[in-house]
Amino acid sequence: MNSLSEGAKAEAITVVLLEDDAPTLWRLQDALTKAGYQVKAAGTLAEARACLAQGAPKVLLTDLQLPDGHGVDLIRETRRRFPDTEIMVISILGDEESVISAITVGATGYLLKDAFPTDIAATVRDLVAGHSPISASIARFIVRRTQSTPEPPPGPALNTTKLTPREIDILWGIAKGFSYAEIASHLGLSRQTVPGHIKNIYRKLEVHTRGEAVFEAVQQGLIKL
């Protein structure tokens, strides 16, 4: 099915799309618009900031290398201003610095242009539903990076007690890319209670996004991927 459901359309899902390559911008904008999204297209950071000045979008899709700056700056600004906006990187850059920087400042998805999904509209639907779309090579890289991290020292340096067993279960579900509804189903919870648990997780780990929460939890040894 190539279009959004009637319920999703009613929610007026807005997407700010930042891409400096005109053919790529047109292709993505066309696919998203045909699927029912309200797309505001931008080719520079300045244009994207002008779009964001009009209000919070549901989704920000951004490249990283741009004519007037770096997409990480926009991700950071957007996360601070609009904490509920879903942010996904679409870039040719797959190096450690780019990936970690984007996730750390607030990206919840990261797709490489050379491994681009055939249905970007479905990928954005997954993002809005609570998934974190990540290219396979990026996912492997993150796993390798966490596996190469030295084991934390025993004792009080690792405070696992600040998360409840239920919160750790939910964190594991987030790390596996499950939606809130799927997490609720697996754990026998009401769908409406999951966001409350996630807010508690963010507060306890002192993070603001799913990506940051998973990264911090893996670093602290709270969960294993």
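Mentor: Let's start with a pair of strands: strand 3 and strand 6 (residues 86-91) pair in the parallel sense over four bridges. Strands here are DSSP runs (E, at least two residues), numbered from the N terminus, and two strands pair if DSSP finds at least two bridges between them. This is a predicted model, where local features need pLDDT of at least 70, side-chain atom pairs count only at pLDDT 80 or more, and totals for chains, interfaces and linings use all residues. Residues are numbered from 1 along each chain as its sequence is written, and side-chain values use heavy atoms, with hydrogens and water left out.

Trainee: Which residue stands opposite Val89 in strand 6?

Mentor: That is Thr62. Strand 3 also runs parallel to strand 1 (residues 14-18), joined by four bridges, and there Leu60 is the bridge partner of Val16.

Trainee: Are the faces of strand 3 covered or open?

Mentor: Buried means under 20% relative accessible area, exposed over 50%, and partly exposed in between (1.4 Å probe, protein chains only). Both faces are covered, with Val59 and Leu61 buried on one side and Leu60 and Thr62 buried on the other.

Trainee: Where is Asp63 found?

Mentor: Asp63 lies in the loop between strand 3 (59-62) and strand 4 (65-66). Asp63 counts as buried because its relative accessibility is 5%. A contact means heavy atoms within 4.5 Å; leaving out residues up to four places away in sequence, Asp63 touches several residues, including Asp20, Ser91 and Lys113. An unreviewed UniProt entry lists Asp63 for "modified residue: 4-aspartylphosphate", and such annotations may be inferred rather than shown by experiment.
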